[in-house]
Amino acid sequence: QVQLVESGGGLVQAGGSLRLSCAASGRTFSSYAMGWFRQAPGKERDVVAAISRSGVNTYSADSVKGRFTISRDNAKNTVYLQMNSLKPEDTAVYYCAARTAGIYYSSYYPQPREYDYWGQGTQVTVSS
């Protein structure tokens, strides 16, 4: 099992930047593919970005391409989401998630249903 703790959320003006971090417990972080998701009030939880267990391959939703970057540091058991040029529509609770990836070093998983473990979420609010 793995426990996930997000941090780095907050209130920022449109055009600003934030970096979210997700720290994972345990010694097998590198065996998990990771993802960032977000959920706004009254909406479904949607993928923001995903990264393979190796960190080589990544996926970004069209709505954040060119603005958000997912990365991971397996030595620190941490996955990051760098968010630049933030817009009011980016306002949501952001969750990180993990799933075991086995031998699939290069695979990422963009669907929420593909994940086994979730953090508690961190609020990101972008003011106009």
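A polar atom in the side chain of T122 lies 3.3 Å from the backbone nitrogen of G9. The model is predicted, so that local features need pLDDT of at least 70 and side-chain atom pairs count only at pLDDT 80 or more, while totals for chains, interfaces and linings use all residues. Residues are numbered from 1 along each chain as its sequence is written, and side-chain values use heavy atoms, with hydrogens and water left out.

T122 belongs to strand β11 (residues 122–127); strands (E, at least two residues) are DSSP runs, numbered from the N terminus. T122 counts as buried because its relative accessibility is 11%, buried being under 20% relative accessible area with a 1.4 Å probe and protein chains only. Not counting residues up to four places away in sequence, the contacts of T122 (heavy atoms within 4.5 Å) include G9, L20 and Y94.

Y94, in strand β9, stands opposite R38. Strand β4 (residues 32–39) has seven of its eight residues buried. β4 and two other strands pair as tabulated below; two strands pair if DSSP finds at least two bridges between them.

| Strands | Sense | Bridges |
|---|---|---|
| β4 and β9 (residues 92–100) | antiparallel | eight bridges |
| β4 and β5 (residues 46–51) | antiparallel | five bridges |

In β5, V47 is the bridge partner of F37. Six residues separate β4 from β5 in a hairpin, and G42 in the turn has a positive phi of about 75°.

D90 is placed in the loop between β8 (78–83) and β9. With a relative accessible area of 0%, D90 is buried. Its side chain forms a polar contact of 2.9 Å with that of R38 and another of 2.7 Å with that of R67. A polar contact is a pair of N or O atoms within 3.5 Å; within protein, one must be able to donate a hydrogen and the other to accept it, and residues adjacent in sequence count only if both atoms are side-chain atoms. Not counting residues up to four places away in sequence, D90 also touches F68, S85, V124 and V126.

β4 and β5 each supply at least two residues of the lining of the largest pocket, to which β5 gives the most, with three residues. This lining has 14 residues, and R38, A40, K43, D46 and E89 lie nearest the centre of the pocket.

Definitions and conventions:
Helix = DSSP H or I, 4+ residues; strand = E, 2+ residues; numbered from the N terminus. Buried < 20%, exposed > 50% of the residue type's maximum accessible area, 1.4 Å probe, protein only. 1 Å grid on protein atoms, 1.4 Å probe; cavity = no way out; pocket = protein on both sides within 12 Å on 5 of 7 lines; lining within 4 Å.
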